[in-house]
Amino acid sequence: MSEDTTTSKPQRQGFPKSSRLLTRADFEPVYRFRCKAGDGTLLVFALPNHRTSTRIGLSVSKKLGNAVVRNRLKRLLREAFRLTQFDLPTGLDLVLIPTAVDKASLVSYQQSLKRLSWKLDRRLQTPPPEPAT
RNA sequence: GGAGCAGGCCAGGCGGUCGCUGCGAGUUCGGGAAGCCGAAUUUCGGGGAGGAAAGUCCGGGCUCCACAGGGCGCGGUGGUGGGUAACGCCCACCGUCCGUGAGGAUAGGGAAAGUGCCACAGAAAACAAACCGCCGUAUGGGCUUGCCUGUGCGGUAAGGGUGAAAAGGUGCGGUAAGAGCGCACCGCGGUGCGGGUGACCGUGCUGGCAGGGUAAACCCCACCGGGAGCAAGACCAAGCAGGGGGAAUCGCGGCCGUUGGCAACAACAGCCGCGACGGAUCGGCCCGAUCCGUUCGACCUCCGGGUGUGUCGCUCGAGGUGAUGAGCGAUCAUCAUCCUAGAUAAAUGACCGCUCUCGACAAAACCCGGCUUAUCGGCCUGCUCCGCGU
RNA sequence: GGCUCCGUAGCCAAGUGGCUAAGGCAGUGGAUUGCAAAUCCACCAUCCCCGGUUCGAAUCCGGGCGGAGCCU
């Protein structure tokens, strides 16, 4: 179901600024929508953004480590999104929050990102959006 | 060969693919008469974290505020000389302590200006002191008749014991026993001479000795110190509500005007000056100074509301590298040469291959100089001690 | 990024440089009771860590670690 969006163009796996959440005004609605899913390594918030693309924002707690550790987690998450962005549902704003340091790797983040985002996408599609808005 | 001391340096490398950032060029679009300006970019090129970027412990630059003055306080530093923009940093030297040594450590002014404190133990802990002991003497007792012992008075700081600390240490003489009582050496105080810019060192004479510790206790002395910090600050745009509450809410004098009045004068309004009160600033307090206010209001203060976006500040600097010269050194001078991160939900990563010593601690956020703390492994230079051989 | 403050038992905390570091709540053990509650007794401390000053440090000084708060 994700193949219909990108069939003709050669997929450039870039990661420009237009696919990131940048300001507090971008982040606050995602948190307030309270639609989230997580496994042991990653926590994902989602909100439909009425665009053709999916954007992500990152939030890394200071409890996970020093600046070097936190920067590495952010780079791994960006790389995971960059490599899997055409296998993800479209039209969402996602906030990614890593919750564990020792299990962090590119492969596990790619798998978690795909599984959790599709799970959230199904939850947003199938029921009418009756929960608290 | 082993053990060690001091100083300096490196912080995996190479190649390929994808991706991020900002700079330059190109292309496209828009504006303009043009130089050019703005935007986009899935085009190209080269640049892109540290020795500690960290902790925020000191010192400066820079920015805004303040910038009559005086007194009292407050904080910091503390051997001497030098270096520096400055420092609590660095260098050299001095003293003390530690180490066989190379070397290391050092908040290292004043206790003879004053105040405070010194628990427990101990006889006594500060205008110092006699518990045990030792010695002399007076007197009593015992008996083996020259010894033992009790009490009083006096002498004594050598010995015991307490303590972190008890009137300088060792030796000889001396004495009833002792004691700087005397002498020698060491220590200490005073004084002279010599050396050194100085801290201080050496030495002569002299005094038998003054005096506990603690100033990272108060304090004294000397020197230094305005406050806040790039979330400083400036500009542009957008937007909200110049919203609500509170304290204080006078007096005298002069001038002029209006009204009333024959006039004296009275009432009202305005301006000026002085005082009082209130507020702000002068880092804290007091004096004092300046400014503002005293009835729509302004200022102050409290509670709220909006924006919390863009541009500048933002990287050429007490800068790096090299050479020469001055200096023991820290460092400085001259010349040549180079431009080497400027992000803003915040840029350096992922994958593959080869290779080595198999990679630690750790991410700029205005910029520098230091200190401190973390740190795998390795390299270089100089030096010390021990053992063996020549 | 900058500024300020705080660390004492599981929790709340007092503590002029000097006794075995007060006290309350909780916990454990015991006494009391027919059994409990209440009460009484006892136990429970790396004074955040490392150095220094001092005869002696929870206290004074320096460094580190951890945790809060404020500033656009």
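This is a predicted model: local features need pLDDT of at least 70, side-chain atom pairs count only at pLDDT 80 or more; totals for chains, interfaces and linings use all residues.
The structure holds three aromatic pairs. In one of them, the ring centres of F15 and F81 sit 5.6 Å apart with their planes at 65 degrees, so this pair is edge-to-face. F15 lies in the segment before α1 (24-33), while F81 belongs to helix α2 (residues 67-84), so the pair ties together parts that are 66 residues apart in sequence.

Let's move on to another pair. Y31 and F45 are edge-to-face, with 5.1 Å from centre to centre and 80 degrees between the planes. Y31 sits in helix α1 and F45 in strand β2 (residues 42-48), so this pair links distant parts of the chain, 14 residues apart.

Y31 is partly exposed, with a relative accessible area of 26%, whereas F45 counts as buried at 10% relative accessibility. Ring pairs also bring in F27, which forms a cluster with Y31 and F45.

## Q110 in helix α3

You will find Q110 in helix α3 (residues 106-125). With 18% relative accessibility, Q110 counts as buried because the cut-off is under 20%. Leaving aside residues up to four places away in sequence, Q110 touches A80, L83 and T84.

## The chain as a whole

Chain A has three helices and four strands, running α-β-β-β-α-β-α from the N terminus on. Of its 133 residues, 38% count as buried.

Among contacts in chain A with a separation of 6 or more, 82% come from residues 24 or more positions apart. Chain A exposes about 8,300 Å², and carbon and sulfur atoms supply 52% of that area.

How values were computed: Residues are numbered from 1 along each chain as its sequence is written. Chains are lettered from A and ligands numbered from 1 in the order in which they are written. Side-chain values use heavy atoms; hydrogens and water are left out. Helices (H or I, at least four residues) and strands (E, at least two) are DSSP runs, numbered from the N terminus. Buried means under 20% relative accessible area, exposed over 50%, partly exposed in between (1.4 Å probe, protein chains only). Contact means heavy atoms within 4.5 Å. Accessible areas come from the Shrake-Rupley method with a 1.4 Å probe; for residues, only the protein chains shown count as cover. Rings of Phe, Tyr and Trp (its six-membered ring) pair if their centres lie within 6.5 Å; planes under 30 degrees apart count as stacked, over 60 as edge-to-face and the rest as tilted.
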